[in-house]
Amino acid sequence: MTLSKIAAIMMSSAIPFDLDRTKLRLDGLGHYASVSTLVLSAALTLSNATPKKLDERKSENAIKLAFVSCIITTVVLGAYTSMVFSLLSLYSKTFLGMMLDEEFVEFFQATAEIRRSAFASFVG
C-alpha cells in the first residue's frame, strides 16, 4: 500500500484518524535519529583514535586512507539521517499538537521521499 493510499484512507470521513498508530510511527522516527546519533558518535570516536600520520609503507597508508574514507562517509550519512528524522519527528508532532491532522497527513505524504533517502543513508 502506497503512502498516498494511506493518506487518502486517513483523510476520508469513513475511517477516523488513528492518533495512537500515528504516535507509534512518529516514535519510530525518533529511534532512527537516536541510533544514527550513536553511530555518528562511535565514528567520531574512531576518527579521533586513528593515527593521522602516514607511514613509509604504501599498503598501510592505503588501508588508513580507506578507513578514514569509511569514517567520513559514516559521519556524513549519520548526520544526515539524524537531522532528517529528528526534524520530521519534531514537525510532525507540532502539527498534531496544534490539532492540524489534515496538514500532518499532507506533510507526511510530501516528505515520503525524504524519509526514504534518510532510511537509505541509515542502512547505507
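Asp 27 is partly exposed, because its relative accessibility is 27%; the class lies between buried, under 20% relative accessible area, and exposed, over 50% (1.4 Å probe, protein chains only). Asp 27 lies in helix H2 and Lys 93 in helix H3, so this pair ties together parts that are 66 residues apart in sequence. Helices here are DSSP runs (H or I, at least four residues), numbered from the N terminus. The model is predicted: local features need pLDDT of at least 70, side-chain atom pairs count only at pLDDT 80 or more, and totals for chains, interfaces and linings use all residues. Residues are numbered from 1 along each chain as its sequence is written, and side-chain values use heavy atoms, with hydrogens and water left out.

The structure holds three salt bridges. A salt bridge is a side-chain nitrogen of Lys or Arg within 4 Å of a carboxyl oxygen of Asp or Glu. Asp 27 bonds in this way with Lys 93, and the closest N and O atoms are 3.9 Å apart. Lys 93 is partly exposed, with a relative accessible area of 43%. Asp 27 also forms a salt bridge with Lys 23, at 3.2 Å from N to O. Asp 27 and Lys 23 are four residues apart in helix H2, and therefore about one helical turn separates them. A further salt bridge joins Arg 116 and Glu 113, with 2.9 Å between the closest N and O atoms. These two residues are three apart in helix H5, so they too are separated by about one helical turn. Glu 113 counts as exposed, at 53% relative accessibility. Through shared partners, salt bridges join Lys 23, Asp 27 and Lys 93 into one network.

Helix H3 comes next. At 1.5 Å a residue, its 40 residues should span 58 Å, and the end C-alpha atoms of H3 are 58 Å apart, which agrees. The expected span is 1.5 Å times one less than the number of residues. Buried residues of H3 include Asn 61, Lys 64, Ile 71, Gly 78, Val 84, Phe 85 and Leu 88. Further along, Ser 89, Ser 92 and Leu 96 are among the buried residues of H3 as well. The cover over the buried residues of H3 includes helix H2 (19-49), H4 and H5.

H3 packs against H4 at an angle of about 155 degrees, and the two axes are 8 Å apart. Axes are lines fitted to C-alpha atoms, for helices over the stretch in contact, and angles run from 0 to 180 degrees between N-to-C directions. H3 and H4 are therefore roughly antiparallel to each other, a class for angles over 145 degrees. Contact means heavy atoms within 4.5 Å. On the H3 side, Leu 88, Tyr 91, Ser 92, Phe 95 and Leu 96 take part; they meet Asp 101, Glu 103, Phe 104, Phe 107 and Phe 108 of H4. By class, this contact has seven nonpolar, one polar and two charged residues. Ala, Val, Leu, Ile, Met, Phe, Trp, Tyr, Cys and Pro count as nonpolar, Asp, Glu, Lys and Arg as charged, and the others, Gly among them, as polar.

Met 99 sits in the loop between helix H3 (58-97) and helix H4 (101-110). Met 99 has a positive phi of about 60 degrees, although it is not a glycine. At 68% relative accessibility, Met 99 is exposed.

Gly 124 is found in the segment after helix H5 (112-123). Gly 124 is exposed, with 75% relative accessibility. The C-alpha atoms of Gly 124 and Thr 74 are separated by 8.6 Å, although the two residues are 50 residues apart along the chain.

Conventions: Angles under 35 degrees count as roughly parallel, over 145 as roughly antiparallel, 65 to 115 as roughly perpendicular and the rest as oblique.
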